[in-house]
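Hi,

Here is the model I promised to pass along.

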Amino acid sequence: MAFQAGGQRPAPRPGPVTPEAAQDYLRDYAVLLDSVPFPSLVVDHRWDVLLTNGAFRTLFQGVEPHPTAHPGANFLRFVLFHPDAATVLGDHEASWALPMLADFSATAERHPHDPVLHAVRRDIAQDPIMDAAFRHGLPHWLRAVGERAAGHDGSVRPLLHPDPRWGATECRLLVETTSVLEEMECRRVTLVLRETPRAAGRDRRSRRATSHLRVVPTVG
């Protein structure tokens, strides 16, 4: 308005270009995140977790501590390596692990010298079945479902919520970023819960033993 009245337009404040300014931005972003009723987190390109909200922490409250694969530390490692992953992430292998392996493969190609991603690849290699899934099963699966189907944004995936009001349900993943988060190579992932009929006989406790990736689904 000042510009239209003949005054000078106020200069916009610059985005966070220093680590201190970035942390200040994330503190304010955390306030926004906590106002969201659905599980939401902010991750960098390695899926290292920068922020989570209360709904996210509630979703994973029953997960046992883990030195490298806790969902609040690195979500990629949680999906691939945590023995409790399938107690929360329904249809763990096909709906969560394979898309995450596809995401990891693409990210590793874009960041070939990233030591954190190299460490994940070494851990995959230590499990012969997971390594075979990554090297052989994943390319076959991508050819079958298509690259777009392997993406996260917009996908609908099964979820096993500890709150009995939700129980066995589904969530739609919404992946978003802002100009500042993009500058930091970060993105926000929100799991929008969807009300669906509960399947009979689904027991969270009985799924722990099958949480580790062991089978590549056969397609066609």
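Before anything else, a word on burial: a residue is called buried when its relative accessible area is under 20%, exposed when it is over 50%, and partly exposed in between, using a 1.4 Å probe and protein chains only.

Some housekeeping. This is a predicted model, so local features need pLDDT of at least 70 and side-chain atom pairs count only at pLDDT 80 or more, while totals for chains, interfaces and linings use all residues. Residues are numbered from 1 along each chain as its sequence is written, and side-chain values use heavy atoms, with hydrogens and water left out.

**Overall layout**

The protein has seven helices and five strands; helices here are DSSP runs of H or I with at least four residues, strands are runs of E with at least two, and both are numbered from the N terminus. Going along the sequence, the order is α-β-β-α-α-α-α-α-β-β-α-β. Of its 220 residues, 43% count as buried. Taking contacts (heavy atoms within 4.5 Å) between residues at least 6 apart in sequence, 55% join residues at least 24 apart.

**The open space**

I looked for pockets and cavities on a 1 Å grid over the protein atoms alone: a cavity is a set of points where a 1.4 Å probe fits but cannot get out, a pocket is an open set with protein on both sides within 12 Å along at least five of seven lines, and lining residues have an atom within 4 Å of a point. Points are joined across faces, edges and corners, and the volume is the space filled by probe spheres set on them.

The largest pocket holds about 460 Å³. It is lined by 25 residues, and the closest to its centre are Asp103, Ala106, Thr107, Arg110 and Arg187. α4, α6, β4 (168-176) and β5 each give two or more residues to that lining, with α4 giving the most, at eight. By class, the pocket lining has 10 nonpolar, seven polar and eight charged residues. For those classes, Ala, Val, Leu, Ile, Met, Phe, Trp, Tyr, Cys and Pro are nonpolar, Asp, Glu, Lys and Arg are charged, and the others, Gly among them, are polar.

And what about enclosed space? The whole structure has one cavity of 30 Å³ or more, and the largest cavity holds about 30 Å³. Its lining is made of Trp47, Phe75, Trp96, Met100, Leu173, Val189 and Leu191: seven nonpolar residues, no polar and no charged.

**Residues to click on**

His45 sits in the loop between β1 (40-44) and β2 (49-52), and it is buried because its relative accessibility is 13%. Its side chain makes a polar contact with the side chain of Asp114 at 2.8 Å. (A polar contact is a pair of N or O atoms within 3.5 Å; within protein, one must be able to donate a hydrogen and the other to accept it, and residues adjacent in sequence count only if both atoms are side-chain atoms.) Not counting residues up to four places away in sequence, His45 touches Thr107, His111, Asp114, Leu117 and Glu185.

That brings us back to Glu185, in the loop between α7 (179-183) and β5. Glu185 is not a glycine, yet has a positive phi of about 55 degrees. Asp91, in the loop between α3 and α4, also has a positive phi without being a glycine, at about 50 degrees. Most residues other than glycine have a negative phi.

Val49 is in strand β2 and is buried, with a relative accessible area of 16%. Val49 and Asn74 are 25 residues apart in sequence but 5.4 Å apart in space, C-alpha to C-alpha.

**A helix pair**

Which residues bring α5 and α6 together? Arg121, Ile124, Ala125 and Gln126 in α5 meet Pro128, Met130, Asp131, Phe134 and Arg135 in α6. By class, this contact has five nonpolar, one polar and three charged residues.

Cheers
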